[in-house]
Amino acid sequence: MPEAAAAETMEDRMAPVSEWCTCGHCSSLSPVENVCCRETPKVMNRCEQVGVYTCITDHPGFQLVALNPYVLQAVYGTYVQLFGEMPETMLNSRYRHLAYRNVVRWCWGYLGQHIRVVIPSCIVTRIRQEFPEDGLYRGFLPPLHF
Ligand SMILES: [Zn+2]
Ligand SMILES: [Zn+2]
């Protein structure tokens with residue numbers, strides 16, 4: 001993509017959310033993160049498989065895959081097997097990381113270790129709301145260690 005076109009795309013992405021989001025659940029994060037689930041084919045596939053035409057966060061599996069702490073404990077097991085223990089940061093941020101990871105596995109399948117995808121803003125926003133950076137988890141967040 002020519003540089004001018006790339007710059008233009010970035011600018012568009014800082015336009016009001018309603019100009020690039022059609023699912024109604026995205027929020028403005030940053031030019032590269034402002035991507036809607038409705039323009040992310042792999043995420044759309046998961047939605048269409050179960051007849052959801054609104055937003056991935058309305059998918060009946062979303063809560064389980066992205067927000068359920070016990071599912072994420074299991075994801076942690078796979079993480080440890082592959083990479084070893086996670087650095088001891090705030091529990092909320094470790095859960096957030098596992099949630100992003102599980103969503104990618106769910107929608108994209110296996111990606112090579114260095115391949116990155118942009119997780120739609122509505123997903124990132126919902127996960128951050130559940131596992132806030134500067135706030136408390138609403139409820140009991142179980143420990144990740146075994
Ligand atoms: Zn959206
Ligand atoms: Zn969405």
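The model is predicted: local features need pLDDT of at least 70, side-chain atom pairs count only at pLDDT 80 or more, and totals for chains, interfaces and linings use all residues. Residues are numbered from 1 along each chain as its sequence is written, while chains are lettered from A and ligands numbered from 1 in the order in which they are written.

Along the principal axes, the C-alpha atoms fill a box of roughly 50 × 35 × 30 Å. The chain contains six helices and zero strands. Helices (H or I, at least four residues) and strands (E, at least two) are DSSP runs, numbered from the N terminus. Of contacts between residues at least 6 apart in sequence, 62% join residues at least 24 apart. A contact requires C-beta atoms, placed from the backbone, to lie within 7 Å.

UniProt lists residues 15-140 as "domain: P2X purinoreceptor 7 intracellular" in an unreviewed entry. Positions follow the numbering used here, feature names are shortened, and annotations may be inferred rather than shown by experiment. This segment is 46% helix and 0% strand. Its end C-alpha atoms are 38 Å apart.

R38 lies in the loop between α1 (3-12) and α2 (41-49). R38 is buried because 22 other C-beta atoms lie within 10 Å. The cut-offs are 20 or more for buried, 12 or fewer for exposed, and partly exposed in between, with C-beta atoms placed from the backbone. Beyond its neighbours within four places in sequence, R38 contacts T22, C23 and M44.

Methods:
Contact = placed C-beta atoms within 7 Å.
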